Amino acid sequence: MSQFLKMFEQMGPEQFSAGIGTIAPYFSTIDPEVTALRQGYAALTLRNQKKVHNHIGTVHAIAMCNAAELVAGMVTDASIPAGARWIPQGMTVKYLAKAKTDLNVVADGSEVDFSKEGDIIVTVGAYDTDDTLCFTAEINMNVKHG
């Protein structure tokens, strides 16, 4: 079982979220609230707060990229075979609507074959509180076995 998945199950969402910044300090800049983590699926809440705003008072594009990379990494880590390792190698994003509320950032990898080695694309969506899709990302994860 993935180290992160085990930690999430043992600590629960609140404590796990608080500890993200100790493992990967940059992610603490967005105060992620991890709401779900299991094999094939990860989600977090990105709060609409001043520190993640852009010049027009909406959630900044790079804050959404940060959240997307985090959920994509968590779902990859929870889903790859034991002994495999991964690293993100690229991200293609689309900004579809102004993010004016908290965002539910979701990586649904239920259709991804995490057992293969090499490039794996993890798709992420960020939805506002009205369930409007504000942002999408395709993150290329490079997976190596053994």
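**Aromatic pairs, core and pockets of a predicted model**

At 10% relative accessibility, Phe8 counts as buried, a class that means under 20% relative accessible area, with exposed over 50% and partly exposed in between (1.4 Å probe, protein chains only). The structure is a predicted model, in which local features need pLDDT of at least 70 and side-chain atom pairs count only at pLDDT 80 or more, while totals for chains, interfaces and linings use all residues. Residues are numbered from 1 along each chain as its sequence is written, and side-chain values use heavy atoms, with hydrogens and water left out.

Rings of Phe, Tyr and Trp (its six-membered ring) pair if their centres lie within 6.5 Å; planes under 30 degrees apart count as stacked, over 60 as edge-to-face and the rest as tilted. Phe8 and Phe16 form an edge-to-face pair, 5.4 Å centre to centre with 90 degrees between the planes. Phe16 is buried, with a relative accessible area of 1%. The pair of Tyr95 and Phe135 is tilted, at 5.6 Å centre to centre and 40 degrees between the planes. Because Tyr95 lies in strand β3 (residues 85–95) and Phe135 in strand β6, this pair ties together parts that are 40 residues apart in sequence. Helices (H or I, at least four residues) and strands (E, at least two) are DSSP runs, numbered from the N terminus. Tyr95 counts as partly exposed at 43% relative accessibility, whereas Phe135 counts as buried at 0%.

The next subject is the interior. In soluble globular proteins, nonpolar side chains tend to be buried together. A nonpolar core is a set of buried Ala, Val, Leu, Ile, Met, Phe, Trp, Tyr and Cys residues joined through side-chain atoms within 4.5 Å. The largest such core has 41 residues, of which Leu46, Leu103, Val105 and Val124 touch the most other members. At least two residues of this core come from each of α1 (3–23), β1 (33–38), β2 (41–46), α2 (61–79), β4 (103–108), β5 (118–127) and β6 (133–144). The largest share, 11 residues, is supplied by α2. Leaving aside neighbours within four places in sequence, Val124 is in contact (heavy atoms within 4.5 Å) with residues including Ala68, Val71, Val105, Phe135 and Ile139.

Asp108 lies in strand β4 and counts as partly exposed at 44% relative accessibility. Not counting residues up to four places away in sequence, Asp108 touches Gly40, Tyr41 and Thr123. Asp108 and Gly40 are 68 residues apart in sequence and 6.2 Å apart in space, C-alpha to C-alpha.

The pockets remain to be described. On a 1 Å grid over the protein atoms alone, a pocket is an open set of points where a 1.4 Å probe fits, with protein on both sides within 12 Å along at least five of seven lines; lining residues have an atom within 4 Å of a point. The largest pocket has a volume of about 210 Å³. Of its 14 lining residues, Met1, Ser2, Asp77, Ile80 and Ala82 are the closest to its centre. Two or more lining residues are given by each of α1, α2 and β3. The second largest pocket has a volume of about 170 Å³, and its lining includes Phe4, Ile20, Phe27, Glu69 and Trp86. The elements that give two or more residues to this second lining are α1 and α2, and the largest share, 4 residues, comes from α2.

Terms used: Grid points are joined across faces, edges and corners, and a volume is the space filled by probe spheres set on the points.
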